[in-house]
Amino acid sequence: MKKILLVAGREFRVRVRSRGFILSSLALPIFLIFMWVITGNIGNGGGGGDSQDSNENTPSSMGTVGYVDQAAVIEHIPEMVPQELFAAYTDETAAQAALEAGEIEAYYVVTADYRESGEVLRFSEEFPTDPPENALFDIVLINNLFSDQDQAFTNRLYWPFNGGQPQFQSLAKEGESNDGGFSMLPFIVTIAVMMPLFTSGGYLLQSVAQEKSGRIMEILLLSLKPWHLLIGKLLGLGGLTLVQYLIWVVLAVLGANLFGVELSELLADIQLTGEELMLVLPFALGGYLLYAGIMAGVGALAANIEGSRSWVTVISLPMMLPIYLWAAIVETPNGVLARLLSMIPFSAPV
């Protein structure tokens, strides 16, 4: 055991002072903090209160939209619709001229047989899949088609539940987050899992390859058994990985304080039971031992360190599979693909 600890201590001391370790420990948290700032998604969720009135349909920024009423349906613009949003034109020629002049962003044509066919055409220089003013123009048409009815009736035509005043109730329990959380969180967790596996495994590969090419390993094996050497290196680099995580935690706390963000809010979407927390350590340890052991094997078998590096890409491909297939996994997180990748040791860590 003393020999194993000597190898572990030396491996730790050499690597913890290397420039590569210092850069990887500091650069990644700074990059992630930068991503937090530019995405602006920290704590910005979708339903902060207990209820929300869906009558708030007015887009915050929208240019003027014209319309040509060939069916003589539109007699007024309802009060709930911004009066300056829609501009009437006598015919399509005038509306088209206004569009080309940049006076309007688009225009609608309510066809002459609208009452029978329900046909409304939209013209614009672009082709949006969901025009922002569509819902408001629906309100204009409904209010004019049923102009003899009161506002409550036309509201029910457009919002047929709760008397035209839909209310959205949060089912979150007390103490749980009511918002959408931090949308970048899964990618940050993925990077946090991958980087130590790559760095520690890469250090192990480099260490074994260097000692082999420099014929130092032959001297070491005169007083050490091969498994003593391997376990010592695994322990030393495992300690290095824990130090790296500790540095990240400290930088995360400092970054959160700097930007005025509560870490509890940032991690609100992570719901883990006590049993699941107890499984985190052996799960992470298994991923580390798997990839570090493979890296050590490659370093021992390769002729030189340059030749061993080409194998790193091949080894890392299975780990990257969940990232390549993230869209399918997110769509069905309990589907066959996600379960299968969770059971394969090479892709399970991510």
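Colleague: Which residues does Ser 24 touch, not counting residues up to four places away in sequence?

Modeller: Please note that the model is predicted. Ser 24 touches Pro 29, Thr 199, Tyr 203, Gln 244 and Trp 248. Ser 24 itself is placed in helix H2, residues 19-39.

Colleague: Is Ser 24 buried or exposed?

Modeller: Buried means under 20% relative accessible area. Ser 24 has a relative accessible area of 14%, so this residue is buried.

Colleague: How many salt bridges does the structure hold?

Modeller: The structure holds 1 salt bridge. Glu 133 forms it with Arg 122, and the closest N and O atoms are 2.7 Å apart. The pair links distant parts of the chain: Arg 122 belongs to strand E4 (120-124), whereas Glu 133 sits in the loop between E4 and helix H5 (134-145). Glu 133 is buried, at 2% relative accessible area, while Arg 122, at 27%, counts as partly exposed.

Colleague: What is the order of the strands in the open sheet?

Modeller: The 4 strands follow the order E2-E1-E3-E4, with mixed pairing. Strand E2 (86-89) and E4 are the edge strands, as each pairs on one side only. Within the sheet, E1 (residues 65-69) and E3 (residues 106-110) run parallel and are joined by 5 bridges; Gly 66 has Tyr 107 in E3 as its bridge partner.

Colleague: Which strands does helix H3 lie across?

Modeller: Helix H3 (residues 92-100) lies across E1, E2, E3 and E4, at about 165° to E3. H5 also lies across E1, E2, E3 and E4, running at about 35° to E3.

How values were computed:
Residues are numbered from 1 along each chain as its sequence is written. This is a predicted model: local features need pLDDT of at least 70, side-chain atom pairs count only at pLDDT 80 or more; totals for chains, interfaces and linings use all residues. Side-chain values use heavy atoms; hydrogens and water are left out. Helices (H or I, at least four residues) and strands (E, at least two) are DSSP runs, numbered from the N terminus. Buried means under 20% relative accessible area, exposed over 50%, partly exposed in between (1.4 Å probe, protein chains only). Contact means heavy atoms within 4.5 Å. A salt bridge is a side-chain nitrogen of Lys or Arg within 4 Å of a carboxyl oxygen of Asp or Glu. Two strands pair if DSSP finds at least two bridges between them. Axes are lines fitted to C-alpha atoms, for helices over the stretch in contact, and angles run from 0 to 180 degrees between N-to-C directions.
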